[in-house]
Amino acid sequence: MARRVFLHCGTAKSGTTYLQDLWWHHRGALRERGLLLPGEALRDHFHAAALVKGMEVIVDELDDDDRAVWQRLVAETRGWAGDALISHEHFSDSSAEAAAAALADLATAADEVHLVVTVRDLGRVLPSAWQQRVKQGARQSYGRFLATVRRGEDDQKFWRYQDVPGILSRWAAGLPPERVHLVVVPPSGAPRDELWQRTARVLGVDVSGLDTDPRLPNDSLSVVEAELLRRVNRRIPRERRSVALTRLTKGSFARDLLAGSAPREAFVLPVRHAGWVRERSEEMVARLRAGGWDVVGDLDDLLPAGPREGRTPDQAGDDELLAVATTVVARMIEQER
C-alpha cells in the first residue's frame with residue numbers, strides 16, 4: 001500500500017510537458033528517493049487518462065493490454081510503500097462520475113489520495129491553446145477562436161481544460177482541502193526551474209542534483225508559422241482528418257519542417273480581448289482563494305500582465321507566409337536526398 005498517491009490532472013498548457021519530461025527522465029532517481037511513476041512510459045499515463053474519461057477516439061485504438069493500463073497503474077501503486085505520481089492533462093476533462101470512480105480506485109492503493117493542478121494565467125494560455133489546436137488540425141483563425149472562447153460558443157472544450165474551479169468541482173469533491181494542491185506557474189522572468197521546484201515541494205521529494213534541462217524539443221511555432229499551418233489545415237477536407245494525420249502534423253511536420261522557418265516573435269493577446277480575460281481571471285482567482293486549498297505560488301500571478309509588444313497570427317502578411325512555405329518545401333526536398 002502506498003503512503004500517498006498524487007494525481008496531477010493538468011491544466012493543459014501549464015508546463016505539463018516540461019514537468020512530465022523531467023519526471024520521466026529522472027524516473028530512476030525519483031524512485032530511489034521514494035517517488036514512484038507507475039507504468040513504463042508517459043504513454044501509459046495518457047492511455048490511463050483516456051480510459052478514465054472515456055476518450056473514445058483513443059480508447060477504440062487500444063489493444064486489450066493497453067485497455068487494462070489504468071488498473072495496472074493502480075495495482076503497481078498499491079504494491080509500493082512510498083509515494084506515487086500519475087500525471088496527464090487529459091484527466092482534467094473527465095466527468096464528475098469518472099473522476100469519483102478514479103479517486104475511489106486510487107483510494108484502494110494508497111493511504112492518502114492527493115490532487116495536483118498546475119495553473120497558468122489565461123493571457124498566456126490562450127495563444128498557446130490556439131496554436132495547439134492548429135497543430136491538431138483546427139481551421140479557426142486566432143481572432144475567431146478568442147471570440148468563441150469569450151462567448152463560450154463552439155469551443156466548450158477550451159473551458160473544460162481551463163476552467164480551474166470547474167475542474168476542482170469534479171476532481172476535488174470528497175478530498176480534504178489540504179490534499180488539493182494548486183501550483184501556480186510563475187510569471188515570465190522567473191527562474192526556469194521554479195515550476196519544477198514548486199511541484200517537488202508538493203510531492204515532498206528531494207530533487208537536488210537533478211538537472212532541469214528539457215529533453216523534449218520546443219516545437220512551439222512562431223506567429224507566421226502557426227498561421228501558415230492553419231491555412232494548410234483549411235485545404236484538407238474534414239472527412240480526411242484522422243488520429244494518424246494529426247500525429248503526423250504535430251510530429252514530423254510541425255516539429256521537423258515548420259518550426260524555425262520564421263523568426264521568433266512575441267505572440268500576444270489583442271488589446272480588444274484584454275478586458276474580458278482580466279475579468280474572467282479575477283473571478284477565477286477569487287473562487288480559488290475561497291476554496292481553502294493548498295496554494296503553492298501567488299494566485300495574483302494568474303492575473304494577466306499588461307499589454308505586450310508583439311503581433312497576432314491574423315497580422316501575418318502573404319509575403320511572410322510565402323517565405324515560410326518556401327523554406328518548408330526546401331526542407332522537404334532535402335530530406336528526400
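The buried residues of helix H11 are Glu-194, Leu-195, Trp-196, Arg-198, Thr-199, Ala-200, Val-202 and Leu-203, where buried means under 20% relative accessible area, exposed over 50% and partly exposed in between, using a 1.4 Å probe and protein chains only. This is a predicted model, in which local features need pLDDT of at least 70 and side-chain atom pairs count only at pLDDT 80 or more, while totals for chains, interfaces and linings use all residues. Residues are numbered from 1 along each chain as its sequence is written, and side-chain values use heavy atoms, with hydrogens and water left out. Helices (H or I, at least four residues) and strands (E, at least two) are DSSP runs, numbered from the N terminus.

**Helix H11**

- H11 covers residues 194-203 and is mostly covered, with 8 of its 10 residues buried.
- Just after H11 comes Gly-204, with a positive phi of about 65°.

**Helix H13**

- Gly-260 follows H13 and has a positive phi, near 85°.

**Asn-233**

- Asn-233 lies in helix H12 and is buried, at a relative accessible area of 1%.
- Beyond its neighbours within four places in sequence, Asn-233 is in contact (heavy atoms within 4.5 Å) with Val-134, Gly-137, Ala-138, Arg-139 and Arg-241.
- The Asn-233 side chain reaches the backbone oxygen of Val-134 at 2.9 Å.

**Aromatic rings**

- There are 7 aromatic pairs, counting rings of Phe, Tyr and Trp (its six-membered ring) whose centres lie within 6.5 Å; planes under 30 degrees apart are stacked, over 60 edge-to-face and the rest tilted.
- Phe-145 and Phe-158 are an edge-to-face pair because their planes stand at 85°, with ring centres 6.0 Å apart.
- This pair links distant parts of the chain, 13 residues apart, with Phe-145 in helix H8 (residues 142-151) and Phe-158 in helix H9 (residues 156-162).
- Phe-145 is buried at 0% relative accessibility, and Phe-158 is buried at 6%.
- Phe-158 also pairs edge-to-face with Trp-159, at 4.9 Å centre to centre and 85° between the planes.
- Trp-159 is buried, with a relative accessible area of 10%.
- The charged end of Arg-280 sits over the ring of Trp-159, 3.7 Å from its centre; the rule asks for NZ of Lys or CZ of Arg within 6 Å of the ring centre and within 35 degrees of the ring normal.
- Trp-70, Phe-91 and Trp-171 make up one aromatic cluster.

**Ala-81**

- Ala-81 is in the loop between helix H5 (69-78) and strand E3 (83-87), and counts as exposed at 66% relative accessibility.
- Met-1 is 80 residues from Ala-81 along the chain, yet their C-alpha atoms are separated by 5.7 Å.
- Not counting residues up to four places away in sequence, Ala-81 touches Met-1, Ala-2 and Arg-3.

Conventions:
Polar contact = N/O pair within 3.5 Å; in protein donor to acceptor, adjacent residues only side chain to side chain.
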